[in-house]
Structures are given as C-alpha cells and as structure tokens.
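Here is a short tour of a single chain, written to be read with the model open beside it. Take a moment to find your bearings, and then we can walk through it together.

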Amino acid sequence: MKTNDIIQWVGAVAIVTGHILNTLVEYQLDVRPWNIVAFGIGTIAFLTWAVRVRNPAQGVVNFVSLLVCALGIYRAFA
C-alpha cells in the first residue's frame, strides 16, 4: 500500500470514529473531547494528504476544519 493511501485510510477511520462518538451523545454519554480528537486526527491526515497530492481545495477545507477542531479542543479543556 502506498503512503498516500495509508494517510487517507487513517483519516477515514478517524473521521468515522468521530462520527460514531458523536452519535453516543444521543445516549447521554459524554465523549468530549475524544470526538474532537478523532476529528482532529482525521483532519490532520487529510490535510497532509491534500498537501502531498497538491489538492488546494481539499487543503483549504481541512485547514478550516483543523481550526474548528482546535477551538473545540481549547473549549473542552478551558
């Protein structure tokens, strides 16, 4: 498996994990900040991939997502 494929799969698994953790909130389970951490890991992976394959649109989306995740992590621990 090539490096770019591995990076994408890490990102995909992390983003799916974040979504699964978010669904647990409906069952009154407090998963913060782990849901945000999962999304952050996925976003970093996809941002890394976007830079490697020179996909600027995907890079912008993931950069903004990373800023949102950073704000979420800050608010979770503040």
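## The chain at a glance

Helices here are DSSP runs of H or I with at least four residues, strands are runs of E with at least two, and both are numbered from the N terminus. On that basis the chain holds three helices and zero strands, and from the N terminus on its elements run α-α-α. Please keep in mind that this is a predicted model.

For a sense of scale, the C-alpha trace spans about 40 × 25 × 15 Å along its principal axes. The chain has 78 residues, and 29% of them count as buried. If you look at contacts between residues at least 6 apart in sequence, 55% join residues at least 24 apart.

## How α2 and α3 pack

Two packed helices are described by the angle between their axes and the distance between the axes. Helix α2 covers residues 34-52 and helix α3 covers residues 56-77; they pack at an angle of about 155°, and their axes are 9 Å apart. Angles over 145 degrees count as roughly antiparallel, and α2 and α3 are therefore roughly antiparallel to each other. Their crossing is left-handed.

Which residues make the contact? From α2 come Ile36, Val37, Phe39, Gly40, Thr43, Ile44, Phe46, Leu47, Trp49 and Ala50. From α3 come Gln58, Gly59, Asn62, Phe63, Ser65, Leu66, Cys69, Gly72 and Ile73. Sorted by class, the contact of α2 with α3 has twelve nonpolar residues, seven polar ones and no charged ones.

Is Asn62 buried or exposed? Buried means under 20% relative accessible area, and Asn62 has a value of 6%, so it is buried. Leaving aside residues up to four places away in sequence, Asn62 touches Thr43, Phe46 and Leu47.

## Asn35, on helix α2

Another asparagine to visit is Asn35, which lies in helix α2. With a relative accessible area of 8%, Asn35 is buried.

What does Asn35 touch, not counting residues up to four places away in sequence? The answer is Gly18, Leu21 and Asn22. With Asn22 there is also a polar contact of 2.7 Å, which joins the two side chains.

How values were computed:
Residues are numbered from 1 along each chain as its sequence is written. This is a predicted model: local features need pLDDT of at least 70, side-chain atom pairs count only at pLDDT 80 or more; totals for chains, interfaces and linings use all residues. Side-chain values use heavy atoms; hydrogens and water are left out. Axes are lines fitted to C-alpha atoms, for helices over the stretch in contact, and angles run from 0 to 180 degrees between N-to-C directions. Angles under 35 degrees count as roughly parallel, over 145 as roughly antiparallel, 65 to 115 as roughly perpendicular and the rest as oblique. A crossing is left-handed if the near helix is turned anticlockwise from the far one by less than a right angle, and right-handed if clockwise. Contact means heavy atoms within 4.5 Å. Ala, Val, Leu, Ile, Met, Phe, Trp, Tyr, Cys and Pro count as nonpolar, Asp, Glu, Lys and Arg as charged, and the others, Gly among them, as polar. Buried means under 20% relative accessible area, exposed over 50%, partly exposed in between (1.4 Å probe, protein chains only). A polar contact is a pair of N or O atoms within 3.5 Å; within protein, one must be able to donate a hydrogen and the other to accept it, and residues adjacent in sequence count only if both atoms are side-chain atoms.
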